[in-house]
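Trainee: Before I read anything into this model, could you take me through it one question at a time, and tell me what each term stands for as we come to it?

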Amino acid sequence: MVATTTAPPPAYFAVGPKPHEVCCPYCKQKGKTITRRFLLSCCMRRQYCSSCGEYLGTYRRPKL
Ligand SMILES: [Zn+2]
């Protein structure tokens, strides 16, 4: 019937600008993320796994 679709990796925890301790969905390692500023905008930070370096999600600061 319905083909099993591969769910895209979750855009993880857009919860805050600081590193978070997560269990990486790619390498299964538990550790803190690395945040990097996205482009020139200081409002967006991308979070990466500190173990495998995979992109996990984006934090976007609400505009004031
Ligand atoms: Zn990882």
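This is a predicted model: local features need pLDDT of at least 70, side-chain atom pairs count only at pLDDT 80 or more; totals for chains, interfaces and linings use all residues.

Trainee: What is the phi of Lys-28, which is not a glycine?
Mentor: Most residues other than glycine have a negative phi. Lys-28 is not a glycine, and yet its phi is positive, at about 65°.

Trainee: Is Lys-28 buried or exposed?
Mentor: A residue is called buried if 20 or more other C-beta atoms lie within 10 Å of its own, exposed if 12 or fewer do, and partly exposed in between, with the C-beta atoms placed from the backbone. Because Lys-28 has 9 other C-beta atoms within 10 Å, it is classed as exposed.

Trainee: How many helices and strands are there in the protein chain?
Mentor: From the N terminus on, the elements run β-β-β-β. The count for the protein chain is therefore 0 helices and 4 strands.

Trainee: Which element has the lowest mean pLDDT?
Mentor: The term pLDDT is the predictor's confidence in each residue, from 0 to 100. Among the elements, β1 has the highest mean, 87, whereas the lowest, 79, belongs to strand β3 (residues 41-49).

Trainee: What share of the 64 residues in the protein chain is buried?
Mentor: The figure is taken over the 64 residues of the protein chain. Of these, the buried share is 12%.

Trainee: How far apart are the C-alpha atoms of Lys-18 and Thr-35?
Mentor: Lys-18 sits in the segment before β1 (21-23), and it is exposed because 11 other C-beta atoms lie within 10 Å. Along the chain, Lys-18 and Thr-35 are 17 residues apart, but their C-alpha atoms are separated by 6.9 Å.

Trainee: Which residues is Glu-54 in contact with, leaving aside its neighbours within four places in sequence?
Mentor: Two residues are in contact if their C-beta atoms, placed from the backbone, lie within 7 Å. Glu-54 is found in the loop between β3 and β4 (55-60), and it is partly exposed, because 14 other C-beta atoms lie within 10 Å. With those neighbours left aside, its contacts are Cys-24, Tyr-26, Tyr-48 and Cys-49.

Trainee: How far apart in space are Ile-34 and Glu-54, C-alpha to C-alpha?
Mentor: Ile-34 is part of strand β2 and counts as partly exposed because it has 15 C-beta neighbours inside 10 Å. Not counting residues up to four places away in sequence, Ile-34 touches Pro-19, Gln-47, Tyr-48 and Ser-50. Ile-34 and Glu-54 are 20 residues apart in sequence, and their C-alpha to C-alpha distance is 9.9 Å.

How values were computed. Residues are numbered from 1 along each chain as its sequence is written. Helices (H or I, at least four residues) and strands (E, at least two) are DSSP runs, numbered from the N terminus.
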